[in-house]
Amino acid sequence: VQLVESGGGLVQAGGSLRLSCHASGRTLSRYAMGWFRQAPGKEREFVAGISWNGGITDSADSVKGRFTISRGNAKNTVYLQMNSLKPEDTAVYYCAADWSGDTTVEVNSSPASYDFWGQGTQVTVSS
């Protein structure tokens, strides 16, 4: 699976961005998907995740109520809608795919659980 993120950019505090993650090589139908971010000098952290069937979502406390993860109808796209952005949201954002198999419906917040990663897209929020 190859993952490509898009939609990053520079935005003022309080603004919104919508990140997209498009998969090629195979569909994401049996993969849980996650969004992570990494700021300079910090570890990569979980932002939001969604199970393969869309039935379970999870997000970090720091983005709850502001960010929403969703899956596209085409089964190979995942989105992260980011509202009310803050300067502390500035980071490189990565999408990742976690193979779920045929029976597991869950969202993992650990980067080690994910099998495939995109190259990242920069989000910069100015104050």
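## Aromatic rings in a predicted model

Across the whole structure, which is a predicted model, a search finds 6 aromatic pairs. One of these involves Tyr-31 and Trp-99, whose rings are edge-to-face, with 5.2 Å from centre to centre and 65° between the planes. Since Tyr-31 belongs to strand S4 (residues 31–38) and Trp-99 to strand S9 (residues 91–99), the pair ties together parts that are 68 residues apart in sequence. Tyr-31 counts as buried, because its relative accessibility is 3% and buried means under 20%, whereas Trp-99, at 47%, counts as partly exposed.

Tyr-31 also forms an edge-to-face pair with Phe-116, and here the centres are 6.1 Å apart and the planes stand at 70°. Phe-116 lies in strand S10 (residues 116–117), so this pair with Tyr-31 of strand S4 ties together parts that are 85 residues apart in sequence. Phe-116 itself is partly exposed, with a relative accessible area of 26%. Elsewhere, ring pairs link Phe-36, Phe-46, Tyr-114 and Trp-117 into a cluster.

Turning to the strands, S1 (residues 2–6) has a covered face made up of Leu-3 and Glu-5, while Gln-2, Val-4 and Ser-6 lie on its uncovered face. Strand S1 runs antiparallel to strand S3 (residues 17–24), and 5 bridges join the two; within S3, Ala-23 is the bridge partner of Leu-3.

Notes. Residues are numbered from 1 along each chain as its sequence is written. This is a predicted model: local features need pLDDT of at least 70, side-chain atom pairs count only at pLDDT 80 or more; totals for chains, interfaces and linings use all residues. Side-chain values use heavy atoms; hydrogens and water are left out. Buried means under 20% relative accessible area, exposed over 50%, partly exposed in between (1.4 Å probe, protein chains only). Helices (H or I, at least four residues) and strands (E, at least two) are DSSP runs, numbered from the N terminus. Two strands pair if DSSP finds at least two bridges between them. Rings of Phe, Tyr and Trp (its six-membered ring) pair if their centres lie within 6.5 Å; planes under 30 degrees apart count as stacked, over 60 as edge-to-face and the rest as tilted.
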